[in-house]
Amino acid sequence: MSIEPRYLSADMDKPPIKLLEGSERVQEALRVMGSNPYEPRVLSQARGMIPIFLPFAAGLTWAEPSMALDTDPSEGINNIVYGWIGVAFFLGVVFWILGDATFRRYGVDHDKVWARFGPFYREIRFADITRLNFNMDRYDIWAGKTKIKIYYHKYDYAPLYIRLLEELHHHKFRLNGVDTTDPNWEQQAQHWRNILSGDLWLDHYDFYDTHPQHLAHLNTLIGPPDHYDN
């Protein structure tokens with residue numbers, strides 16, 4: 001079956017919808033959304049996670065070792081060892097979450113998408129994309145051997161969607177395992193254009209409703225191009 005472009009408007013008959021499971025609903029409800037989908041983003045969960053887990057970590061750091069130290073030696077060495085293993089596990093999980101929220105950042109601008117954890121940094125320029133995959137709760141973007149995970153339920157990746165739509169008008173890259181030489185590639189590309197544009201429109205409906213020139217531009221990106229640069 002041929003996949004047709006789906007053009008977007010405020011009064012369209014069958015608007016796109018999102019089918020979300022429980023955890024995805026929670027993640028999207030907690031996302032920090034930008035007002036303008038074209039502006040660059042620096043993304044993290046620090047604002048939501050640190051106020052919750054920092055007091056929690058402090059409380060566990062005080063309470064858990066105190067409880068382990070109060071273990072009655074008569075209960076046996078195994079219970080003492082298991083108690084300290086439990087302390088280490090729970091503290092490790094909490095501090096891992098806290099460290100991840102503190103030091104991990106993602107970002108996207110007109111030229112590139114990037115990810116940073118402390119001193120470790122990766123970036124992919126949109127013109128260099130070689131592969132785009134859907135993988136459960138995220139997209140995986142590749143440029144050669146470099147991969148960046150796109151957690152779209154957690155973060156507002158609107159500029160990324162726009163740039164992917166634009167790049168799909170300029171050059172071909174592997175989509176969900178469908179190579180650029182595959183006869184089904186064009187159908188796969190149209191499937192991605194419909195999904196990316198629909199999600200972008202849903203996430204930023206108010207913006208597109210009040211900026212018809214941007215909505216018109218978005219609609220020009222949904223259909224296939226006349227030709228590709230490669």
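Glu28 is buried, with a relative accessible area of 14%; buried means under 20% relative accessible area, exposed over 50%, and partly exposed in between, with a 1.4 Å probe and protein chains only. Asp156 is also buried, at 2%. The model is predicted: local features need pLDDT of at least 70, side-chain atom pairs count only at pLDDT 80 or more, and totals for chains, interfaces and linings use all residues. Residues are numbered from 1 along each chain as its sequence is written, and side-chain values use heavy atoms, with hydrogens and water left out.

**Glu28**

- Glu28 is part of helix H1, residues 22-30; helices (H or I, at least four residues) and strands (E, at least two) are DSSP runs, numbered from the N terminus.
- Not counting residues up to four places away in sequence, Glu28 touches Lys18, Leu20 and His153; contact means heavy atoms within 4.5 Å.

**Asp156**

- Asp156 lies in the loop between E7 and helix H4 (158-167).
- In sequence, Asp156 and Met33 are 123 residues apart, while their C-alpha atoms are 5.5 Å apart in space.
- Apart from neighbours within four places in sequence, Asp156 is in contact with Arg31, Val32, Met33, Gly34, Arg41, Leu43 and His204.
- With the side chain of Arg41, the Asp156 side chain makes a polar contact at 2.8 Å. A polar contact is a pair of N or O atoms within 3.5 Å; within protein, one must be able to donate a hydrogen and the other to accept it, and residues adjacent in sequence count only if both atoms are side-chain atoms.
- The Asp156 side chain also reaches the backbone nitrogen of Ala158, at 3.3 Å.

**The four-stranded sheet**

- Four strands form an open sheet in the order E1-E2-E3-E4, with antiparallel pairing; two strands pair if DSSP finds at least two bridges between them.
- E1 (41-43) and E4 (120-125) stand at the edges with a single partner strand each, so one side of each has no neighbour in the sheet.
- On average, neighbouring strands of this sheet are turned by 15° against each other, direction ignored. Axes are lines fitted to C-alpha atoms, for helices over the stretch in contact, and angles run from 0 to 180 degrees between N-to-C directions.
- Strands E2 (residues 104-108) and E3 (residues 112-117) run antiparallel and are joined by five bridges. Tyr106 has Ala115 in E3 as its bridge partner.

- Strand E6 (residues 138-143) runs antiparallel to strand E7 (residues 146-150), and five bridges join them.
- Ile141 has Ile148 in E7 as its bridge partner.
- Two residues lie between E6 and E7 in this hairpin, and Gly144 in the turn has a positive phi of about 65°.
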